[in-house]
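Let's take a walk through this one, from the overall layout down to a few charged pairs. Have the viewer open as you read.

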Amino acid sequence: MLCVVPGSAHDPGGIGRKRYSVLGAWNAATNALVSVTTDATVNAETMCALLRQIAALGLMGPVRLVLDNARYQHCALVMDLAKSLNIDLLFLPSYSPNLNLIERLWRFIKKKVLYARHYGTFQDFRGAIDGCLSKIETEHREELKSLMTHKFQTFRDVSFLAA
């Protein structure tokens, strides 16, 4: 099972507003990241690029992608490509990022790279993010081991009220 959600960071103080987006999928079985980065907004084409990268991994068994409900993920282009690549898209309920493992990874990346940091140039900013992403399976592996677990809090025999 893979979990995917876009991550986005903005130029923290540069001239003009620049965007650096990371769309990633976390392999919950192998604890590996597959990602696509862009200086533009994530869209259906970016999502299709990620789907192609996932398919190219040659994963055995069914591939299920757990997604948030971003609009571009529901378009016919993405749905048709996923179907042709034998990737099952599983959409989480709205407003439930705590159910998507990769949200934990994005929080980790932000903590390591973005919080209380200033980068003089957009290239430095982008390089810091890319550098952290490249160390996920090596330098950050131990730290991520406890964070990227499959444990989720469940509630049994509890009454829920909505307001």
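## The big picture

The protein has an accessible surface of about 10000 Å², and carbon and sulfur atoms own 54% of that. Keep in mind that this is a predicted model.

Of the 163 residues, 39% count as buried. The fold has five helices and five strands, and read from the N terminus they go β-β-β-α-β-α-β-α-α-α. Take the contacts with a separation of 6 or more: 58% of them join residues 24 or more positions apart.

In soluble globular proteins, nonpolar side chains tend to be buried together. Here the largest nonpolar core holds 22 residues, and Trp-26, Leu-105, Ile-109, Leu-133 and Ile-136 have the most contacts inside it. Strand 2 (19–27), helix 3 (101–114) and helix 4 (122–134) each give two or more residues to this core, with helix 3 giving the most, at seven residues.

Leu-133 is a handy one to click on: leaving aside residues up to four places away in sequence, Leu-133 touches Val-22, Leu-33, Trp-106 and Ile-109. Apart from this core lies another, of 21 residues, including Ala-25, Leu-65, Val-78 and Leu-81.

Which residues of helix 2 (residues 76–84) are buried? They are Val-78, Leu-81 and Ala-82. Looking down the axis of helix 2, these buried residues fall within an arc of 100 degrees, so they line one face of the helix. What do they pack against? The buried residues of helix 2 sit against helix 1 (44–56) and strand 5 (87–91).

On the other side of helix 2, Asp-80, Lys-83 and Ser-84 are exposed. After helix 2 comes Asn-86, with a positive phi, near 60 degrees.

## Charged pairs

Searching the whole structure turns up five salt bridges. One of them pairs Arg-126 with Asp-39, with the closest N and O atoms 2.7 Å apart. This pair links distant parts of the chain, 87 residues apart: Arg-126 is in helix 4, while Asp-39 is in the loop between strand 3 (32–38) and helix 1. Arg-126 counts as partly exposed at 30% relative accessibility, and Asp-39 does too, at 43%.

Glu-142 and Lys-145 also form a salt bridge, the closest N and O atoms being 3.0 Å apart. The two are three residues apart in helix 5 (residues 141–147), so about one helical turn separates them. Both Glu-142 and Lys-145 are exposed. Then there's Glu-139 with Lys-135, where the closest N and O atoms are 4.0 Å apart. Glu-139 is exposed at 54% relative accessible area, whereas Lys-135, at 34%, counts as partly exposed.

Definitions and conventions: Residues numbered from 1 in each chain as written. Predicted model: local features only at pLDDT ≥ 70, side-chain atom pairs only at ≥ 80, totals over all residues. Heavy atoms only, no water. Core = buried A, V, L, I, M, F, W, Y, C linked by side-chain atoms within 4.5 Å. Buried < 20%, exposed > 50% of the residue type's maximum accessible area, 1.4 Å probe, protein only. Helix = DSSP H or I, 4+ residues; strand = E, 2+ residues; numbered from the N terminus. Contact = heavy atoms within 4.5 Å. Arc of directions from axis to C-beta. Areas by Shrake-Rupley, 256 points an atom, 1.4 Å probe, with all protein chains shown as cover. Salt bridge = Lys/Arg side-chain N within 4 Å of Asp/Glu carboxyl O.
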